[in-house]
Amino acid sequence: MYKFVAFAVLAVILAPAVSATFWRNCLGVRGPDHIETPLCDAERCFAVRGQPFIANVTLSSPDVHQELLVENIAFIFGIPVQLPVEPPHDNGCNQLYVNGVFHGCPTLPDVPHIWMINQDIPGFLPAFQNTVVRYTLTDRGTLVGCVEITATLV
Ligand SMILES: *[C@@H]1O[C@H](CO)[C@@H](O)[C@H](O)[C@H]1NC(C)=O
């Protein structure tokens, strides 16, 4: 009986953690703590070219970063296609907030930073459906962050 109750309680506690999120970490690279965006449901994201892509991405790291250069690759039918990211959106430092105040880089160790993404999606990008899109952050040549989402772009 106790065992059953304990299991039931555990199942309730774990349920949110095991429910699907639209984003996944990349193997061996730090991922975000959390992503908040109205463009995604539990499984995938839906965005429209010419309209803004908005997301609040919570990042924390024991390391201090000087730059967070953004690369964005869509695997269209499995073929990697680099999606250009225009300045100032090509460096996550330019939209990095701590406690609601712009902070930028260098980052603070072990402190949650919010990367507030708000950029128009260029009309010249290719449209795609249910495609894996990988975002990476690079600091002085070292890959320091990565996340993958499943997205449809129309
Ligand atoms: C991101 O956070 C800011 C500040 O809290 C808020 O105004 C904005 O609506 C959030 N955006 C998203 C996409 O959650």
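Glutamate 148 counts as buried, at 15% relative accessibility, where buried means under 20% relative accessible area, exposed over 50% and partly exposed in between (1.4 Å probe, protein chains only). The model is predicted: local features need pLDDT of at least 70, side-chain atom pairs count only at pLDDT 80 or more, and totals for chains, interfaces and linings use all residues. Residues are numbered from 1 along each chain as its sequence is written, and side-chain values use heavy atoms, with hydrogens and water left out.

**Salt bridges**

- The structure holds three salt bridges, each defined as a side-chain nitrogen of Lys or Arg within 4 Å of a carboxyl oxygen of Asp or Glu.
- Glutamate 148 pairs in this way with arginine 134, their closest N and O atoms being 2.8 Å apart.
- This pair links distant parts of the chain, 14 residues apart: arginine 134 lies in strand E10 (residues 128-139) and glutamate 148 in strand E11 (residues 142-153); strands are DSSP runs of at least two residues, numbered from the N terminus.
- Arginine 134 is partly exposed, at 30% relative accessible area.
- Aspartate 139 and arginine 140 form a salt bridge with closest N and O atoms 2.8 Å apart; aspartate 139 is buried at 5%, whereas arginine 140 is exposed at 54%.
- Glutamate 43 and arginine 44 form a salt bridge at 3.6 Å, N to O; glutamate 43 is partly exposed at 47%, as is arginine 44 at 33%.

Terms used: Helices (H or I, at least four residues) and strands (E, at least two) are DSSP runs, numbered from the N terminus.
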